[in-house]
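Student: I am new to this structure. Could we go through it together?
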Amino acid sequence: MQRINKRQIKSVDYGILLPVFLLSIVGMISLYVALDKDGGTNIVSQMLQQGLWYVIGVIFIFIVMQFSPKVVWKLTPIGYVFGLGVMTALLFYYDANLATRTGSKNWFRIGSLTFQPAELMKIAYILILAYIVTGHNIKNRQRTLKTDGMLILKLVIATIPVGILLKLQNDFGTMLVFIAILGGIFIMSGISWKIIIPVVVTFTLLGVGILYLVTTDAGREVLYSLGFKSYQFARIDSWIDPFHDATGNSYQQAQALKAIGSGGVGGKGFNVSDVYVPVRESDMIFSVIAENFGFIGSCFVIFLYFILIYRMIRVCFDTNNEFFSYIATGVIMMILFHVFENIGANIGLLPLTGIPLPFISQGGSSLISNMIGVGLVMSMRYQYQPEEYGTLDFKYEG
């Protein structure tokens, strides 16, 4: 038993845990500044609540690490169906007050706590895509355009229900995360570049086309007919010119840019804030980091994310398990897209979409989702047994 414990301790990937821990510390510091400067009367309770979410998240990491690949494989279809069921229930039991404020029906409310099922659905979606790709590749070691086409069809079938539910919830920002996850696993799945290149080119042209339509009145009429909302156009206008309506629709974007710019190289110092930014405890928390700790502090945070992603990729190469490699790909894409979109939106490179900064922004749903993702990646090394599943020929019972 003592030998097992020593092996388990050595199998914990501290190279992943350390950046997560440091990002969590940055999150608590930034949250305190945001709450204190916004004149909140329940700072202590909110800080304790966020601290509790961190503790729960760490517990989830170590619970998920105990699951062997076979157990995760068997639980994946159940988790996917359960996730779809919860998201369907959300259409009928969503928080009406939050829906009125945000325009999205994506939150449950239990007493004073709110919960966003789509965050945990991200994990279920990552697992089902990894499940589909691994099962398909095991049965089709000889790849052809026909087998690749069948794999794409399977991925699309798994994605359609999620896309429909997110559309009904009017949650465009979260939908972008799912698209990023799908794109990452799609590219890494072994599908022929004869298919990947045309698909990437098509989506690139589609994105450019939408941007062109957004900039013209006639184009916006077309997008309105396709279901785009006024608030989405307002966000794009604020992205194109953050100061065109600095006291109206683009107020949040303009204030974030002012706060970030005012931080300079070294920042103003801890808990010093002269610029008010709406929702800076969540979506705009990077503006708090930049204002207090400047360019140096901001780069440090980005560096921590770089280390985290690097360590996750390294685990894939070290353990070489196909199923978990696709899971890691999905988790990496989820975290990477959140970081890229959140920081990009704060500094004006991308439109605001309401996506939180992983491990730093206030909130439990996203934090728990990210922690579970970290736990899944860490379990690759923790459960690693070369004699059992160290190759791509690991036999799963689907």
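Tutor: Helices (H or I, at least four residues) and strands (E, at least two) are DSSP runs, numbered from the N terminus. This is a predicted model, in which local features need pLDDT of at least 70, side-chain atom pairs count only at pLDDT 80 or more, and totals for chains, interfaces and linings use all residues. Residues are numbered from 1 along each chain as its sequence is written, and side-chain values use heavy atoms, with hydrogens and water left out.

Student: Where is the place of Ile63?
Tutor: Ile63 belongs to helix 3.

Student: What is the relative accessible area of Ile63?
Tutor: The value for Ile63 is 42%, so this residue is partly exposed. Buried means under 20% relative accessible area, exposed over 50%, and partly exposed in between (1.4 Å probe, protein chains only).

Student: On to Gln46: where does Gln46 lie?
Tutor: Gln46 is also found in helix 3.

Student: Which side chain makes a polar contact with the side chain of Gln46?
Tutor: That of Asn42, at 2.7 Å. A polar contact is a pair of N or O atoms within 3.5 Å; within protein, one must be able to donate a hydrogen and the other to accept it, and residues adjacent in sequence count only if both atoms are side-chain atoms.

Student: Leaving aside neighbours within four places in sequence, what is Gln46 in contact with?
Tutor: Leu35 and Gln362 (contact means heavy atoms within 4.5 Å) are its partners.

Student: And Ile335, what does Ile335 touch?
Tutor: Not counting residues up to four places away in sequence, Ile335 touches Leu308, Ile309, Met312, Pro358, Phe359 and Asn370.
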